[in-house]
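Dear colleague,

I am handing over the structure we spoke about, together with notes on what turned up when I went through it. Please look at the sequence and the model first, and then read on.

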Amino acid sequence: MDTTQLLKGVLDLAVLAVLREEDGYGYDILRRLREAGLEEVGDASVYGTLRRLFAAGLLTTYVVPSESGPHRKYYSLNAAGRDQLTRSGKLWRSFATTMDSLLDDRGMAA
Amino acid sequence: MTVTEQEITDYVARVRAALADLPPNRRDELTEDLPDHLAEVAAEADGTLVERLGEPEAYAAELRAAAGAPASTRNLDQRVAATVVRFRRRLRAVDTRLGPPLGYETASDFLRLLRPGWWVLRGYLAAMLVTVVSTGGSFGLLPRFGGELLAGLIMLVAFVLASIWLGRRSARLTRWPRAALQIGSAVLVVFAFAALMQAEDRMRYDEYGYDPTAVNNPYDRIRDVFVYDSEGRLVENARLFDQNGDPIRLGYPDCADPAEVYGKPLLRAYPYCPDQAPFGPRAPGAPGATTTPSTTPTPEPTATPSPAPTATPTTPPTVTPTSTPSGEPTPTVTG
């Protein structure tokens, strides 16, 4: 199993988590995810996830003009997004705990 | 910024093409922000878009997966449409691949050249269809109208001209006339196949008649079978069987059977026509045979060089003559 496979399930949560503290535009969000350690994540995955979360009504967008480069479209969490983040976060924690104890029982934890 | 507007536009176009099977509004939703997003990406780092993001098709696949737009979410209409698109694309690929061996860019370029030929053939087929309908089933190679060859030929010319006229104008026809023309053409193709099958059957029938044996059968020319015993006497009412006990049927009787077995001519015993035996004389009691080959061990005393021990030359001897001729009469079959 590689990280890409795991990422598929949790990229939503990762993007929501990255946006919790600070709004961001597409490439910025990708960079933050990579800096946090998700190096395999691809630009198209992040862009696609942002589009989907936006379509689901969990994100709002606004455009910030830039003098030096192109306009940037910023994404921010709205109330529904924060709600979703809380619920998905809880689910992830319980899932992660289950997996941890499963691995601990068999003495495989790193 | 090293990435040009044009590069972004091309990249987006290829991503959109790779997502062509999605419903249009879904695809627009996924890609409406893509030019802006790619411009952001381009502003962040060096290198071309392909170097940084990979091929547009791979990008589209990743985007599709991330955005949760798998093929299964589409409804039946869209799936059918996507299948049609895929089929057309594959057809086009085959078209392009088959072209060069034929000496053309695409196979359809070549087929297009054959269209006038098809128009002429279509006219002929239509004339033949009328022939079959008007003469009640029987037909040859030339069209006839109610059995009239001249009328049929006039009809042939008229139909061929009409078919060419229609062919040249088919592109300008409106929907329903064109559909009618296509259905008519399809009917003619089916008719042509049926007629070819029938003609094929008829030809095979004519060639081999009732004989179920294979082509090049060496026994084809046999009309009758004559069996001779070791004394050189013609065996009458002989029956031949193969290793399985099945009767061997050769030839056909062309003279009257004294026993007259009606309806079962092939079950008659050999020879069918004893009078036509190639070697005479016939079995005891037929002294009048005239055709006596030198090899036949004939018991006639006049023709025998050996000293005949019997005093009565008219009685056929029952033993072989002492000076046996070198050649036994071979039970040859003749045709």
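The two chains meet through 19 residues of chain A, which are in contact with 17 residues of chain B. On the side of chain A that touches chain B, at least two residues each are supplied by α2 (26–35), α3 (43–55) and β3 (72–77) of chain A, and the largest share, nine residues, comes from α3(A). By residue type, that side of chain A divides into seven nonpolar, seven polar and five charged residues.

Please keep in mind that this is a predicted model, and that everything described here was computed from it. For chain A the mean pLDDT is 86, with 94% of its residues reaching 70 or more. Within chain A, confidence is lowest in helix α1 (residues 3–21), at a mean of 84, and highest in helix α4 (residues 79–105), at 91.

Chain A: the sheet

Chain A contains an open sheet of three strands in the order β1-β3-β2, with antiparallel pairing. Its edge strands, each of which pairs on one side only, are β1 (24–25) and β2 (59–64) of chain A. The antiparallel pairing of β2(A) with β3(A) runs over six bridges, and along it A:Thr61 stands opposite A:Tyr75, while A:Val63 stands opposite A:Lys73. The pairing of β1(A) with β3(A), also in the antiparallel sense, has two bridges, and here A:Gly24 is the residue that stands opposite A:Tyr75.

A:Ala80 is found in helix α4 of chain A. Is A:Ala80 buried, exposed or partly exposed? With 14 other C-beta atoms within 10 Å, A:Ala80 counts as partly exposed. Leaving aside residues up to four places away in sequence, A:Ala80 touches A:Gly57 and A:Leu58. A:Ala80 and A:Leu59 are 21 residues apart in sequence, and their C-alpha atoms are 7.9 Å apart in space.

Chain B: the overall picture

Chain B has 10 helices and two strands, and from the N terminus on its elements run α-α-α-α-α-α-α-α-α-α-β-β. Of the 335 residues in chain B, 17% are buried. Among the contacts in chain B between residues at least 6 apart in sequence, 54% join residues that are at least 24 apart.

Helix α9 (residues 149–169) of chain B has 21 residues and reaches 30 Å from its first C-alpha to its last, which is close to the 30 Å expected at 1.5 Å a residue. Its buried residues are B:Gly152, B:Met155, B:Leu156, B:Phe159 and B:Ser163. An α-helix has 3.6 residues a turn, so residues three or four places apart point the same way. On the other side of α9(B), the exposed residues are B:Leu150, B:Val157, B:Trp165, B:Arg168 and B:Arg169.

What covers the buried residues of α9(B) includes α8 (115–135) of chain B. The 21 residues of α8(B) should span 30 Å at 1.5 Å a residue, and this agrees with the end C-alpha atoms, which are 30 Å apart. Within α8(B), the buried residues are B:Trp119, B:Arg122, B:Gly123, B:Leu125, B:Ala126, B:Ala127, B:Met128 and B:Thr131. After α8(B) comes B:Gly136, which has a positive phi, near 75°.

Chain B: a residue with positive phi

Most residues other than glycine have a negative phi. B:Asn237, although it is not a glycine, has a positive phi of about 55°. Is B:Asn237 buried or exposed? With 11 other C-beta atoms within 10 Å, B:Asn237 is exposed.

With kind regards

Technical notes
Residues are numbered from 1 along each chain as its sequence is written. Chains are lettered from A and ligands numbered from 1 in the order in which they are written. This is a predicted model: local features need pLDDT of at least 70, side-chain atom pairs count only at pLDDT 80 or more; totals for chains, interfaces and linings use all residues. Helices (H or I, at least four residues) and strands (E, at least two) are DSSP runs, numbered from the N terminus. A residue is buried if 20 or more other C-beta atoms lie within 10 Å of its own, exposed if 12 or fewer, and partly exposed in between; C-beta atoms are placed from the backbone. Two residues are in contact if their C-beta atoms, placed from the backbone, lie within 7 Å. Ala, Val, Leu, Ile, Met, Phe, Trp, Tyr, Cys and Pro count as nonpolar, Asp, Glu, Lys and Arg as charged, and the others, Gly among them, as polar. pLDDT is the predictor's confidence in each residue, from 0 to 100. The expected span of a helix is 1.5 Å times one less than its number of residues. Two strands pair if DSSP finds at least two bridges between them.
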